[in-house]
Amino acid sequence: MKSVVGVVVSNKMQKSVVVAVDRLFHNKLYNRYVKRTSKFMAHDEKDQCNIGDRVKLDPSRPLSKRKHWVVAEILKKARIYVPPSVDTAANASTKNETPFK
(Lines give C-alpha, C1' and ligand atoms only; values in the text may rest on other atoms or scores of the structure.)
Protein backbone atom coordinates (compact mmCIF):
# COMPACT_ATOMS: atom_id res chain seq x y z
CA MET A 1 0.00 0.00 0.00
CA LYS A 2 1.10 3.56 -0.52
CA SER A 3 0.62 6.73 1.49
CA VAL A 4 -2.68 8.59 1.19
CA VAL A 5 -3.77 12.14 1.98
CA GLY A 6 -7.11 12.98 3.58
CA VAL A 7 -9.06 15.21 5.95
CA VAL A 8 -9.73 14.41 9.61
CA VAL A 9 -13.48 14.02 10.21
CA SER A 10 -13.43 12.75 13.81
CA ASN A 11 -10.97 12.93 16.70
CA LYS A 12 -13.20 11.90 19.62
CA MET A 13 -11.08 8.85 20.45
CA GLN A 14 -7.86 8.71 22.42
CA LYS A 15 -4.84 8.58 20.06
CA SER A 16 -7.09 7.74 17.09
CA VAL A 17 -8.64 9.76 14.27
CA VAL A 18 -10.99 9.03 11.39
CA VAL A 19 -9.69 10.35 8.06
CA ALA A 20 -11.79 10.75 4.89
CA VAL A 21 -9.79 10.08 1.72
CA ASP A 22 -11.27 11.12 -1.65
CA ARG A 23 -10.35 9.46 -4.92
CA LEU A 24 -11.41 10.05 -8.52
CA PHE A 25 -11.85 7.35 -11.12
CA HIS A 26 -13.01 7.41 -14.70
CA ASN A 27 -16.34 5.78 -15.57
CA LYS A 28 -15.93 4.46 -19.10
CA LEU A 29 -19.66 4.05 -19.79
CA TYR A 30 -20.58 7.67 -19.00
CA ASN A 31 -17.13 9.14 -19.75
CA ARG A 32 -17.18 11.07 -16.47
CA TYR A 33 -15.02 11.19 -13.38
CA VAL A 34 -16.65 9.87 -10.22
CA LYS A 35 -15.59 10.85 -6.71
CA ARG A 36 -15.58 8.20 -3.97
CA THR A 37 -14.75 8.70 -0.30
CA SER A 38 -13.17 6.12 1.98
CA LYS A 39 -12.93 6.56 5.74
CA PHE A 40 -9.87 5.14 7.49
CA MET A 41 -9.09 4.95 11.19
CA ALA A 42 -5.55 6.05 11.92
CA HIS A 43 -3.25 6.11 14.94
CA ASP A 44 -2.32 9.60 16.20
CA GLU A 45 0.34 8.99 18.84
CA LYS A 46 0.62 12.57 20.13
CA ASP A 47 -3.12 13.31 19.80
CA GLN A 48 -2.40 16.48 17.79
CA CYS A 49 -4.98 16.20 14.99
CA ASN A 50 -8.16 18.26 14.98
CA ILE A 51 -11.23 18.08 12.76
CA GLY A 52 -10.51 19.61 9.36
CA ASP A 53 -6.74 19.00 9.40
CA ARG A 54 -5.21 17.71 6.17
CA VAL A 55 -3.01 14.73 7.05
CA LYS A 56 -0.78 12.17 5.35
CA LEU A 57 -1.31 8.52 6.34
CA ASP A 58 1.25 5.74 6.13
CA PRO A 59 0.27 2.06 6.21
CA SER A 60 1.29 0.02 9.26
CA ARG A 61 0.75 -3.35 10.85
CA PRO A 62 -2.76 -3.88 12.25
CA LEU A 63 -3.01 -1.91 15.49
CA SER A 64 -6.60 -2.93 16.24
CA LYS A 65 -9.62 -4.38 14.46
CA ARG A 66 -10.09 -1.34 12.16
CA LYS A 67 -6.83 0.60 12.57
CA HIS A 68 -4.15 -0.11 9.93
CA TRP A 69 -2.83 3.41 9.30
CA VAL A 70 -0.56 5.86 11.15
CA VAL A 71 -0.63 9.66 10.83
CA ALA A 72 2.73 10.47 9.25
CA GLU A 73 2.41 14.25 9.27
CA ILE A 74 -0.09 17.08 9.45
CA LEU A 75 0.09 18.87 6.11
CA LYS A 76 -2.27 21.74 6.95
CA LYS A 77 -3.87 22.70 10.24
CA ALA A 78 -7.54 23.68 10.18
CA ARG A 79 -8.58 27.13 11.26
CA ILE A 80 -10.61 26.71 14.45
CA TYR A 81 -13.60 28.99 15.05
CA VAL A 82 -13.50 30.65 18.46
CA PRO A 83 -16.86 32.17 19.42
CA PRO A 84 -16.71 35.59 21.06
CA SER A 85 -16.77 35.46 24.83
CA VAL A 86 -19.92 36.38 26.78
CA ASP A 87 -18.32 39.50 28.32
CA THR A 88 -17.36 41.07 24.98
CA ALA A 89 -20.77 40.25 23.49
CA ALA A 90 -22.56 41.87 26.47
CA ASN A 91 -20.37 45.00 26.29
CA ALA A 92 -20.98 45.35 22.55
CA SER A 93 -24.75 45.10 22.99
CA THR A 94 -24.83 47.75 25.77
CA LYS A 95 -22.79 50.18 23.67
CA ASN A 96 -25.18 49.89 20.73
CA GLU A 97 -28.32 50.47 22.80
CA THR A 98 -29.75 53.97 22.77
CA PRO A 99 -31.86 55.17 25.67
CA PHE A 100 -35.50 55.89 24.83
CA LYS A 101 -36.89 59.31 25.80
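In what sense do strand β2 (residues 16-27) and β3 pair, and over how many bridges?

Mentor: They pair in the antiparallel sense, over 12 bridges. A bit of housekeeping before we dig in: this is a predicted model, so local features need pLDDT of at least 70 and side-chain atom pairs count only at pLDDT 80 or more, while totals for chains, interfaces and linings use all residues. Residues are numbered from 1 along each chain as its sequence is written, and side-chain values use heavy atoms, with hydrogens and water left out.

Strands here are DSSP runs of E, at least two residues long, and helices are runs of H or I, at least four, both numbered from the N terminus. Two strands pair if DSSP finds at least two bridges between them.

Leaving aside neighbours within four places in sequence, Ser16 is in contact with Asn11, Met41, Ala42, Asp44 and Lys67, where contact means heavy atoms within 4.5 Å. The C-alpha atoms of Ser16 and Met41 are 6.8 Å apart, although the two residues are 25 places apart along the chain. With Lys67, the side chain of Ser16 makes a polar contact of 2.7 Å: that is, a pair of N or O atoms within 3.5 Å, and within protein one must be able to donate a hydrogen and the other to accept it, with residues adjacent in sequence counting only if both atoms are side-chain atoms.

β3 has another partner too: strand β5 (residues 67-76) pairs with β3 in the parallel sense over 3 bridges, and His43 has Val70 as its bridge partner in β5. The structure holds 1 aromatic pair. Phe40 and Trp69 form this tilted pair, 5.1 Å centre to centre with 40° between the planes. It links Phe40 in β3 to Trp69 in β5, 29 residues apart. For the cut-offs, rings of Phe, Tyr and Trp (its six-membered ring) pair if their centres lie within 6.5 Å; planes under 30 degrees apart are stacked, over 60 edge-to-face, and the rest tilted. Phe40 counts as partly exposed because its relative accessibility is 25%, whereas Trp69, at 7%, counts as buried.

Follow β3 out of its end and you reach Asp53, in the loop between β3 (32-43) and β4 (54-59). At 0% relative accessibility, Asp53 counts as buried. A polar atom of the Asp53 side chain lies 2.8 Å from the backbone nitrogen of Asn50. Not counting residues up to four places away in sequence, Asp53 touches several others, including Val7, Val8, Ile74 and Lys76. Val7 in turn stands opposite Arg54 in β4, and strand β1 (residues 4-13) runs antiparallel to β4, joined by 4 bridges.

Conventions: Buried means under 20% relative accessible area, exposed over 50%, partly exposed in between (1.4 Å probe, protein chains only).
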